[in-house]
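Dear colleague,

Please find below the structure that I am handing over to you.

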Amino acid sequence: MATTTVHSGPTELATKLDMYRSQVALRQFETRAYDLFLENLVKGTSHLSLGQEAIAAGFATAMKKDDWTFATYRGHAHTLARGVPMTPVLAELLGRSNGLMAGKGGSMHLTSVEHGVMGSYAIIGAHLPIACGAAWSAQYRGTDQVAVCFFGDGSTNIGSFHEALNFAAVWKLPVIFVCENNLWMEYTRTTEVTSVVHPAADRAVAYGLERIVVDGNDADAVYDVASTALARARAGEGPSMIEAMTYRHGGHSRADPGKYRPDEEVAEWFAKDPIPRYRARLLDEGASEEQLVAIEADVAAEVEVATEEAKAGGIPGEDLLMKDVWADGGSSWRN
Amino acid sequence: MAQLTFREAIARGIAQEMRRDESVVLLGEDIGAAGGVFKGTVGLLDEFGGVRVRDTPISEQAIVGAAMGAAMTGLRPIAEIMFSDFFAVCWDIVANEIAKSRYMTNGQMSFPLVIRSGNGGGLRFGAQHSQSVENWAMMIPGLKVVVPSNALDVIGLMAASIRDDDPVVFLEAKVLYSSKMDVPDGEIVDTLGSAKVLRTGSDATLVALGAMVPKALDAAQELAASGIDCTVVDVRSLVPLDTSTILREVGATGRMFTVEENPRLCGWGGELSSIVSEEIFYDLDGPIVRITTPHIPLPAADALEDMAIPSVERIVTTVTKSMNA
Ligand SMILES: Cc1ncc(C[n+]2csc(CCOP(=O)(O)OP(=O)(O)O)c2C)c(N)n1
Ligand SMILES: [Mg+2]
């Protein structure tokens with residue numbers, strides 16, 4: 001890792017416990033999503049964040065309520081971390097009418113404007129310029145909102161990434177680009193097809209931004225770099241690029257066993273699993289075993305309830321099909 | 001009353017809306033001090049300042065992406081894509097992101113934005129700066145598509161597009177930029193989805209769009225001299241489409257000729273032909289005929305380009321031949 005800074009994370013233990021709870025919730029939710037996929041209840045595709053939870057939790061904890069998140073198709077974690085309840089997210093995966101978008105978006109497009117989750121985008125790189133636009137709007141209206149845009153290492157090689165970085169830097173926009181570098185695209189190692197070792201951080205320098213690489217499996221470290229970047233953005237100092245090193249525990253998407261990855265690499269990263277690491281640290285820093293067990297049990301109960309509620313959700317009706325193409329609520333293109 | 005060019009009408013329509021609504025902002029390449037390569041934004045930087053009128057890098061994805069992000073968070077951006085051919089480099093954001101996101105999010109998001117662009121041929125710019133791309137935009141669910149044919153309509157339809165809560169692709173026929181017209185003073189606001197009947201005749205109905213409208217009018221005049229009396233309908237907006245006016249006017253004469261600048265395949269006239277034959281087939285007295293640019297990339301040489309794009313002469317001969325068949 002390029003940086004040796006010691007990260008202490010949030011000052012309050014209570015905040016750290018919240019951040020632990022968030023990571024545990026993301027872990028248990030994704031595990032349940034996977035199980036429901038095996039039961040053939042999750043249709044279509046889905047991309048889990050198992051192993052990458054510290055990034056979503058660290059950022060969401062550092063962000064203000066009215067900041068904006070822009071996520072990718074690997075967006076369950078970022079959606080939940082901003083406070084969206086589990087039931088509508090799970091129901092959306094199941095294609096039910098009580099889903100977050102009543103089944104019209106699916107796993108790859110989770111959106112909750114109410115929670116500042118401004119969409120999950122499934123075309124690689126598309127949302128970087130869109131996040132710039134939201135940041136422009138905050139700048140223009142003089143609010144102190146910040147747009148935080150998450151994407152993968154593979155997404156650094158598409159044109160819109162480069163357009164967005166230059167644009168954000170030139171306009172000094174309050175936007176934070178966060179590369180979740182899990183080393184792999186779908187089935188190809190990103191360094192095999194990329195001209196630099198750190199695909200986001202090394203490129204950031206070319207756009208006049210600081211080179212920031214952080215341990216993405218350490219929620220405190222993520223929280224700290226997020227806080228610094230958010231403060232910069234709010235102070236009008238412009239965009240930041242953060243490359244957070246992490247690893248996905250499973251395959252790229254639901255059907256992928258991830259067999260192309262060397263066993264030693266997988267073992268190395270499982271040893272760096274962010275959740276046991278954070279748990280041990282909390283115990284060191286004064287949390288009690290009972291507190292942590294209670295959090296874990298509480299989350300488990302929440303996942304059970306969400307599962308039951310999602311499964312009990314209705315099948316979306318035909319009335320939804322032709323709704324909301326246009327602002328008038330309909331889909332008519334002629335008179 | 002003032003005489004305005006089509007390009008001046010663009011700036012006037014935008015300025016009218018910027019004065020009444022602070023959330024209207026502009027972005028694009030060379031639109032500020034330079035006033036746009038086609039001079040559609042002249043004077044706007046001076047009146048509204050650099051915070052509302054912003055030059056961008058040559059980054060079409062960033063331009064329309066930023067417009068989208070700004071629109072979803074409360075602004076009413078107007079983005080300029082210099083030549084409509086360049087939509088091809090940012091079409092993902094237009095077709096996959098802007099157009100689909102309201103639907104995908106179950107109505108959580110709104111995209112009140114306008115993307116203006118210089119469209120079509122006639123300036124001898126060659127294949128990459130001349131295509132009429134209205135059919136690209138028309139086929140995407142979630143996009144409105146507006147194509148004015150004169151300065152007065154530019155102002156009113158621009159105002160309506162800016163006020164509309166849906167994304168509008170606003171295509172400006174480059175060949176019309178210098179056309180002039182008397183325009184009344186004061187606020188002008190039109191409605192999207194209303195075709196205009198510009199001339200009424202009893203024998204045939206010419207349905208035209210954008211730069212083809214003045215040609216259809218000239219052709220109608222020549223045809224009248226030879227005894228073929230034509231109605232001319234200016235479609236003005238492809239989405240929403242004013243089918244009721246078009247069906248009424250085609251039904252009244254019993255013949256429809258579309259005049260389209262887009263290359264032949266999947267042009268808007270194809271869709272219109274299908275609607276007319278499904279809904280008023282028994283009111284037709286003869287075949288529907290489409291007069292279009294052939295299915296080719298546009299050539300640069302003036303002689304060749306003139307052969308490709310429907311001309312007054314081609315309209316006259318095609319209509320005459322078909323009416324006398
Ligand atoms: C424009 C585009 N090209 C290709 C794809 C197919 N695709 C989906 S995810 C993916 C890999 C992305 O890798 P990365 O950016 O590292 O994100 P990760 O999935 O690892 O989080 C690819 C190639 C796509 N969705 N969009
Ligand atoms: Mg990756």
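In what follows, a residue is called buried if its relative accessible area is under 20%, exposed if it is over 50%, and partly exposed in between. Please note that the model is predicted.

A search of the whole structure gives 17 aromatic pairs over all chains. One of them joins Tyr34(A) and Phe37(A), a tilted pair with 5.9 Å centre to centre and 55° between the planes. These two residues are 3 residues apart in helix H1 (residues 13-38) of chain A, so about one helical turn separates them. Phe37(A) has a relative accessible area of 13% and is therefore buried, whereas Tyr34(A), at 36%, is partly exposed.

In chain B, Phe281(B) and Tyr282(B) form an edge-to-face pair, with 5.2 Å centre to centre and 90° between the planes. Phe281(B) is partly exposed, with a relative accessible area of 47%, while the value of 77% for Tyr282(B) makes that residue exposed.

Chain B also holds a cluster linked by ring pairs: its members are Phe6(B), Phe38(B), Phe83(B), Phe86(B), Phe125(B) and Tyr177(B).

Finally, there are contacts between a charge and a ring across the two chains. The ring of Tyr103(B) has the charged end of Lys104(A) over it, 3.8 Å from the ring centre.

With kind regards

Note on methods. Residues numbered from 1 in each chain as written. Chains lettered and ligands numbered in written order. Predicted model: local features only at pLDDT ≥ 70, side-chain atom pairs only at ≥ 80, totals over all residues. Heavy atoms only, no water. Phe/Tyr/Trp six-rings, centres within 6.5 Å; stacked < 30°, edge-to-face > 60°. Helix = DSSP H or I, 4+ residues; strand = E, 2+ residues; numbered from the N terminus. Buried < 20%, exposed > 50% of the residue type's maximum accessible area, 1.4 Å probe, protein only. Lys NZ or Arg CZ within 6 Å of the ring centre and 35° of its normal.
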